[in-house]
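Let us read a protein model together, going from its overall make-up to single residues.

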Amino acid sequence: MLRRGWGLIRAVVSLHPRPFLTAVGSAAVFATLTVASAWAMSRLIDRVVLPRFEQGRVGAGTFAGGAGLVIAIGIARGAAVVMRRAFAGRAQWRVARTLTGSVTDRILAQPQSWQDRFSTGDLVARTGVDVDAAVAVMAPLPFASSTIVLILVAAGWLLSLDLVLGAVAVAMFPLLAGLNVMYQHRVERHTTDAQDFLGNLSAAVHESFDGVMLVKALGAEDREADRLATVAAQLLQARVKAVRIRSTFDSVMNNMPTLASVALVAIGAWRIERGHLTVGELTSVLYLFTLIALPIRLIGFALSEMPYSLAGWDRLRQVLDDPVAPPADRAVTVVAGAGVAVEDLSFAFEPDRPVIDRVSFAIGAGRVAALVGATGSGKTTLLELIAGLYTPDAGSVVRPPGRCALVLQEAFLFGESIEQNLVLGGRDADPSEIARALAVADAAEFVDRLPSGTATVMGERGVSVSGGQRQRLALARAVVSDPSVLLLDDTTSALDPATEARVLANLRRELGGVTTLIVASRPSTIALADEVVFLENGRVVAVGAHAQLYAEHPGYRALVDAYEIERQGAES
């Protein structure tokens, strides 16, 4: 644990060493001044307080000198405290910012296949609560580290003051330190478990929030509440165990300095009686020991944060130490003037269970193709392979140079303005480009009716607009990117047939040179395509015009008829 803890400290401090070292230096000054304040207190009592009681008076210069020394040291200690806290906080949150950026960049650099290994909530937890945990040890660390300076200087001064009394006082230091180490070992497992359960809870809550509409639609609120309650109970149990150990530790640490002070008073009175110690020196020993008790407890605080920080650090390292996988689009070949062609494409999420199985077809440049197939036939996965989100197990993809824009059925909008959602902060789009994209997506009219037009801020995830409006804004976002290939994954499913027809007509007219593949489940959409690629169980079983396939292929005809029956049932 100590070796791992030292490795954590070196790693986080190296990110922003200057403010941290400034905090440590200020804490060391504070430690030295703490011992100096006890020495000044001894001088004040022996040269000012006791003479005033014994002689009835004391010189003004003597009083001013003694009191001024105590006050000056106190002011200097206060300044050192301010410096220590200010720079410790600055170092901690600068490191947190750097770690958050590094983890986020590493997550974004990984391909889709890597990200599928984690839930969204788990990844969010890594950039949030785990970063906070990893840097938690930095706050008490400067003060705790300066305690070593304080103990060494104090031990030297106490032993020089009186060997017997100093030996008793100094003997308490390793005892208190040993209690801290023992506490650290006992609490480590529970704090590690608690951090893991916290990550699991964050992931579960995020997943539940993502699927809130589905949960409500299926009436599964009680089941979902029970699931979250189970994870929360695991977190609670681990936290309670850690708190119980900590409360016992705090109780012992609170009482030991008090008991030690009683022993020091008894021994000190005996040493005064023997003429080896003055009243002022005994008072300064008790005063110093009282001041030292809190810094020693700070070591315990730092050690108690260490398991918590190590748990968060370990979860961060799982992301940061995982090599960035090769780009998923390395199997994509860019050919000028080409349309989209796939050759013997195969892909499986699990071994021996292919989702796409030796698929081959070609779509000419500027043409519109509909991907048609039953649920689970591999349509969405095929689009993701063409977009380069996944690396195929075999085969290749050819597409023209330029952007390949993929628009999913479930459109995601950020809690920003419509304009920022369309350009995604990547560049300053010309207003005319935004207006054209909204017109192509048949979204200009409803956007113009919004309070601030394209400056209107969306609710989180676009909850302030309807499903069809979200889909049209997502389509406009793809158009703004000026793609050479447009992949639509049932993107117009939430639109009525008339609006869908206008959108598709706009795409043909305004994006004539763009090769477009549409996952379609409406006969009206399928009929608008130049050609149809029909999939069954991850394989292409037919390619051709809609009318031709409908007349010649029974499986295709049965599927399209089922779509039509479903549409008529929905309308009625």
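This is a predicted model: local features need pLDDT of at least 70, side-chain atom pairs count only at pLDDT 80 or more; totals for chains, interfaces and linings use all residues.

Q: What share of the contacts between residues at least 6 apart in sequence joins residues at least 24 apart?
A: Among those contacts in the protein, 78% join residues that are at least 24 apart.

Q: In what sense does β7 pair with β6, and in what sense with β8?
A: Strand β6 (residues 403–407) pairs with β7 in the parallel sense over five bridges, and R403 stands opposite P483 in β7. On pairing with strand β8 (residues 515–519), β7 again runs in the parallel sense, over five bridges, with L517 in β8 as the bridge partner of L487.

Q: How many residues of β7 are buried?
A: Strand β7 (residues 483–489) is mostly covered, since seven of its seven residues are buried.

Q: How many bridges join β4 to β9?
A: Strand β4 (residues 368–373) and strand β9 (residues 531–536) run parallel and are joined by five bridges; in this pair, A370 stands opposite V532 in β9.

Q: Turning to helices, at what angle do α14 and α16 pack?
A: Two packed helices are described by the angle between their axes and the distance between the axes. Helix α14 (residues 431–440) and helix α16 (residues 467–480) pack at an angle of about 135°, and their axes are 8 Å apart. Because of that angle, α14 is oblique to α16. The crossing of the two helices, α14 and α16, is right-handed.

Q: Which residues make the contact of α14 with α16, and how many of them are nonpolar, polar or charged?
A: From α14 the contact draws on E433, I434, R436, A437, L438 and V440, and from α16 on L473, A476, V479 and V480. Sorted by class, the contact of α14 with α16 has eight nonpolar residues, no polar ones and two charged ones.

Q: Is V480 buried or exposed?
A: A residue counts as buried when its relative accessible area is under 20%. V480 has its place in helix α16, and its relative accessibility is 6%, so V480 counts as buried. The C-alpha atoms of V480 and A405 are separated by 9.9 Å, although these residues are 75 residues apart along the chain.

Q: Where does F249 lie, and is F249 buried or exposed?
A: F249 lies in helix α10 (residues 221–273), and F249 is buried because its relative accessible area is 9%. From C-alpha to C-alpha, F249 and L179 are 7.9 Å apart in space, and the two are 70 residues apart in sequence.

Notes. Residues are numbered from 1 along each chain as its sequence is written. Side-chain values use heavy atoms; hydrogens and water are left out. Axes are lines fitted to C-alpha atoms, for helices over the stretch in contact, and angles run from 0 to 180 degrees between N-to-C directions. Helices (H or I, at least four residues) and strands (E, at least two) are DSSP runs, numbered from the N terminus. Angles under 35 degrees count as roughly parallel, over 145 as roughly antiparallel, 65 to 115 as roughly perpendicular and the rest as oblique. A crossing is left-handed if the near helix is turned anticlockwise from the far one by less than a right angle, and right-handed if clockwise. Contact means heavy atoms within 4.5 Å. Ala, Val, Leu, Ile, Met, Phe, Trp, Tyr, Cys and Pro count as nonpolar, Asp, Glu, Lys and Arg as charged, and the others, Gly among them, as polar. Buried means under 20% relative accessible area, exposed over 50%, partly exposed in between (1.4 Å probe, protein chains only). Two strands pair if DSSP finds at least two bridges between them.
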